[in-house]
Structures are given as structure tokens and as C-alpha cells.
Amino acid sequence: MTVPWDKRFEDVLRANLPLLEPGTGLAPDASLAALGLDSLQTVSLLVELEETYEVVVPDDALNAETFASPNSLWAQISALVSTSRSGAGQ
């Protein structure tokens, strides 16, 4: 299975999913809550992703849908990265 995200994203995500066994595949549509992502882990994950990708997740994206699965979270992060890169040259 090919995942749509980069290794940094998966490394940060895995570090915040206490119920995901090491070496286990991470499906794009896996439930992050079922893998142990609780409210405290969500804050930690958010901070790590913002620092890793040098983006700020807007308040309106801080919702259950964004943090539902790796795919939904990556969609938000990758969109912010794209926007950041396109705006950097302006």
C-alpha cells in the first residue's frame, strides 16, 4: 500500500498513537481515536506537526474531522504546506 504522506508525517503521527504497534502498517483511513489519539495526544501531535512543517493549523480546522484519520490530517497539513510555499515567493 502506498501512503500519500511523507516519512516525517508518519514518524510524528506514530509517536502520538500509543495503540499502534511498531512495524504495523498505518492505513490512510484508520481511526486515529482507535489508535489511542486522545485530547492530550491531539495537542502534542498538533504542536509537533506545526513545528515540523512550519505551518499554523487554523482554528477552524481544529475539529474531529481533521483528526479522524491519517488521510484527513495529511490533507490539512499538505494544503497548508502548499499554501505556505506558494505564498513564500510573493
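Where is E50 placed? E50 sits in helix 2, residues 39–53; helices are DSSP runs (H or I, at least four residues) numbered from the N terminus.

1. Basis. This is a predicted model, in which local features need pLDDT of at least 70, side-chain atom pairs count only at pLDDT 80 or more, and totals for chains, interfaces and linings use all residues. Residues are numbered from 1 along each chain as its sequence is written, and side-chain values use heavy atoms, with hydrogens and water left out.

2. E50. The residue is buried (under 20% relative accessible area, 1.4 Å probe, protein chains only), but E50 has no salt bridge, meaning a side-chain nitrogen of Lys or Arg within 4 Å of a carboxyl oxygen of Asp or Glu. R8, the nearest side chain of opposite charge, is 14 Å away. With neighbours within four places in sequence set aside, V55, V56 and V57 are in contact with E50 (heavy atoms within 4.5 Å).

3. Helix 1. In this helix, residues 7–15, the buried positions are F9, E10, V12 and L13. They line one face of helix 1 because, seen down the axis, they fall within an arc of 165 degrees, taken from the directions from the helix axis to the C-beta atoms. K7 and A15, on the other side, are exposed (over 50% relative accessible area).

4. Helix 1 cap. D6 caps the N-terminal end of helix 1, with a side-chain oxygen 3.3 Å from the backbone nitrogen of R8.

5. E21. This residue is in the loop between helix 1 and helix 2. E21 is exposed, at a relative accessible area of 52%. Its C-alpha atom is separated by 9.2 Å from that of L35, 14 residues apart along the chain.

Terms used
Helix = DSSP H or I, 4+ residues; strand = E, 2+ residues; numbered from the N terminus. Lys, Arg positive; Asp, Glu negative; His and termini not counted. Polar contact = N/O pair within 3.5 Å; in protein donor to acceptor, adjacent residues only side chain to side chain.
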